[in-house]
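Subject: Structure handover and notes

Dear colleague,

Please find below the structure that I am handing over to you. My notes come after it, with the cut-offs for each term given where the term is first used.

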Amino acid sequence: MSTELQQPPFKSGVLRWIDERLPVLTWAYNELVVYPAPKNLNYWWNFGSLAGIILVVQIVTGVILVMSYTPHADLAFDSVEGYIMRDVNWGWLIRYLHANGASMFFALVYIHMFRGLYYGSYKKPRELLWILGVIILLLMMATAFMGYVLPWGNMSYWAATVITNLFSAIPLVGEPLVTWLWGGFTVANPTLQRFFSLHYLLPFVIFAVVFLHILALHQFGSNNPLGIDLSKKDKIPFHPYYTVKDVFGLCVFLLVYGYFVFYAPTAFISPTNFIPADPLQTPTHIVPEWYFLPFYAILRAITFDFLWIVPAKLGGVIAMFAAIGVLFFVPWLDTSKVRSARFRPIYKWFFWLLVIDVLVLGWAGANPPEGWYLVAAQLGTLYYFAHFLVIMPVLGKIERPLPLPTSLSDPVLRGTRSQTAN
Amino acid sequence: MADSAVPHDQPAGSSRRDFLELVAWSTFGVGTLAAIWPLIDSLNPSAAVLAVATTEVDLEPIEVGQRVTVMWRGKPVFIGRRTEEEIEMARAVSLDELRDPEPDEARVQKPEWLIVIGICTHLGCVPLGNRSGEPRGQWAGWFCPCHGSHYDTAGRIRKGPAPRNLDLPPYRFVSDTQVLIG
Ligand code: HEM
Ligand code: FES
């Protein structure tokens, strides 16, 4: 597909002159206009382009925020809550777009990932495409975590303290490593300044990885709800068919995003973050942003020493990172040859159980790790790993998939044929 | 020139070229590490951070049973003037009941003065109990609300996820009423 490039129909000689020397227009034309996409993509295929759009929104609003933000422990809080929110023209809008944009970004990407899990989009030959996606998720997490520190509210401060302290669990090098991360003996101004630098840098790294992600996607083309390989006649050009569909999806998304920005702008911001950072006053209940809650629950679920050698604190950290790490291996953990859950009668149910499991983990993560919350977190963690490490490999071997159609027109034709036969 | 070239019939793996390649790569590797080190080390605490590394505290105004918080290297340090009863409690416990066994005597220079870093050894919250009215946990020391760690009157971990006793800062008494932390 990506081997034979089509020439864009140039109207302007200048553009042709440029493109002959620097074929960016040919490239864009082939990736965004002629790109042959499956006819049968449903709305779950909108979330990738939406995530790309919100990434651009984050970069644009972020670059503008930086023009009024002061990355210093004594001044950061006032520059956000005082200067940007009250004095800068439209500062409130730009900040709320950025703060809520982060939540929207995660919501879109999580849906995008579950879509991949349902339709088996990670399977051969799209393994690297999936792995690049997991890398993007990790980069997003780092970016959002460091961004959350920048307003230097009390939750910013203590979230930074608790999360960086995780690394102190590593034997031997833990303590010096944490001092190195902080640039001091606590989270303080040096920490804020380096987080600021990285928070500016990482989105551009994400941007570059997104390019690789799309390069890998266009190598074999999009998967589709049937999960079968499609021939040329089952594909249509990306423009205008999917550009229009993506714009419609964007309008719906903007309604949701706009609702939060204009009617519930602080829904995702902890009240504690309206108090300036106070190194002497730990909030009684430290909770991360909602998009980290399932992982936070896994971190705190390990309250026991593991096999006598791994202390609980280290065990929790390992489990939390493993929860993301296991995603890298999904293309090989799933042993089924069939991609789409539509033709996998049992996997389909386990898929929804995983969705519920992640929601339960999120709920447990939002609550203190005691009593039933702790039990829920522990069972949820166990099930999460069982899904990927036991259910996926075993199910692929024992499940009998439904018969697969050979092309898009095939199920329709067979349907009519059997009708006439009746 | 021609006779200095590597003969074609030399056995594989022992040529001068292999050796030179090895030397070149090692030099390159060591050089790269040496060049990266300043970049990495620049993130460690700077001279300015290290310079403010001692704190002097006047103990005169602290009454028996009172606890105060001072800052040392940006960290809270708890200074407690313990009551007879608190000292007794800390010394009565047998060491094998403790997760991080340390006798009280090893944690204080003068029994009356307990000086510990006020940072929970679990994930770094500041435990409650240093201000009057705050909960002090089941062992009358400190209680960390973040994940529920209880510390006793010697700052030792008794219950909860924290792995270690509250750390001790380096300090010395410069006089009977002055202590230098750091
Ligand atoms: C992947 C894209 C990004 C994500 C997920 C993200 C996330 C966040 C989050 C969660 C916050 C805290 C918001 C709050 O509570 O107020 C934040 C703040 C901030 N971000 Fe970003 N960000 C991204 C890109 C950028 C970029 C590219 C820049 C600059 C070039 C930037 C500059 C800032 C600044 C200056 C703040 C502090 C002001 C504030 O708190 O609103 N961000 N970011
Ligand atoms: S930080 Fe104190 S119990 Fe976790």
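Predicted model: local features only at pLDDT ≥ 70, side-chain atom pairs only at ≥ 80, totals over all residues.

Residues are numbered from 1 along each chain as its sequence is written, and chains are lettered from A and ligands numbered from 1 in the order in which they are written.

Ligand 1

The shell around ligand 1 consists of 26 residues, of which Gln58(A), Gly62(A), Ala102(A), Gly147(A) and Leu150(A) are the closest; a residue is taken as near a molecule if its C-beta atom, placed from the backbone, lies within 6 Å of it. Four elements of chain A, namely α3 (47-66), α5 (91-119), α6 (127-149) and α9 (189-220), each supply at least two residues of this shell, and α3(A) gives the most, with 7 residues. Helices (H or I, at least four residues) and strands (E, at least two) are DSSP runs, numbered from the N terminus. By class, the shell around ligand 1 holds 19 nonpolar, 6 polar and 1 charged residues, where Ala, Val, Leu, Ile, Met, Phe, Trp, Tyr, Cys and Pro count as nonpolar, Asp, Glu, Lys and Arg as charged, and the others, Gly among them, as polar.

Chain A

The domain assignment of chain A gives domain 1 (19-281) and domain 2 (287-405), with bounds that come from an automatic or database domain assignment. Taken over C-alpha atoms, the centres of these two domains of chain A are separated by 23 Å. In the contact between them, 27 residues of domain 1 of chain A meet 23 residues of domain 2 of chain A, two residues being in contact if their C-beta atoms, placed from the backbone, lie within 7 Å. On the domain 1 side of this contact, the elements that give two or more residues are α5 and α6 of chain A, and α6(A) gives the most, with 8 residues. That side divides into 20 nonpolar, 5 polar and 2 charged residues.

Helix α4 (residues 76-87) of chain A packs with α5(A) at an angle of about 115 degrees, their axes being 5 Å apart; axes are lines fitted to C-alpha atoms, for helices over the stretch in contact, and angles run from 0 to 180 degrees between N-to-C directions. In this packing, Val80(A), Ile84(A), Met85(A) and Asp87(A) of α4(A) meet Gly91(A), Trp92(A) and Arg95(A) of α5(A), a set that divides into 4 nonpolar, 1 polar and 2 charged residues.

The C-alpha atoms of Leu354(A) and Ala386(A) are separated by 10.0 Å, although the two residues are 32 residues apart along the chain.

Chain B

Chain B touches chain A through 20 residues, which are in contact with 24 residues of chain A, and the chain B side has 11 nonpolar, 7 polar and 2 charged residues. Chain B is itself divided into domain 1 (2-41) and domain 2 (49-181), whose C-alpha centres lie 56 Å apart.

One open sheet of 3 strands in chain B has the order β1-β9-β8 with antiparallel pairing, where two strands pair if DSSP finds at least two bridges between them. Since β1 (55-58) and β8 (171-175) of chain B stand at the edges with a single partner strand each, one side of each is left without a neighbour in the sheet. Neighbouring strands of this sheet are turned by 25 degrees against each other on average, direction ignored. Strand β9 (residues 178-181) of chain B is joined to β1(B) by 4 bridges, with Val57(B) partnered by Val179(B). The pairing of β8(B) with β9(B) also runs over 4 bridges, Tyr171(B) having Ile181(B) as its bridge partner, and these two strands form a hairpin with 2 residues between them.

With best regards
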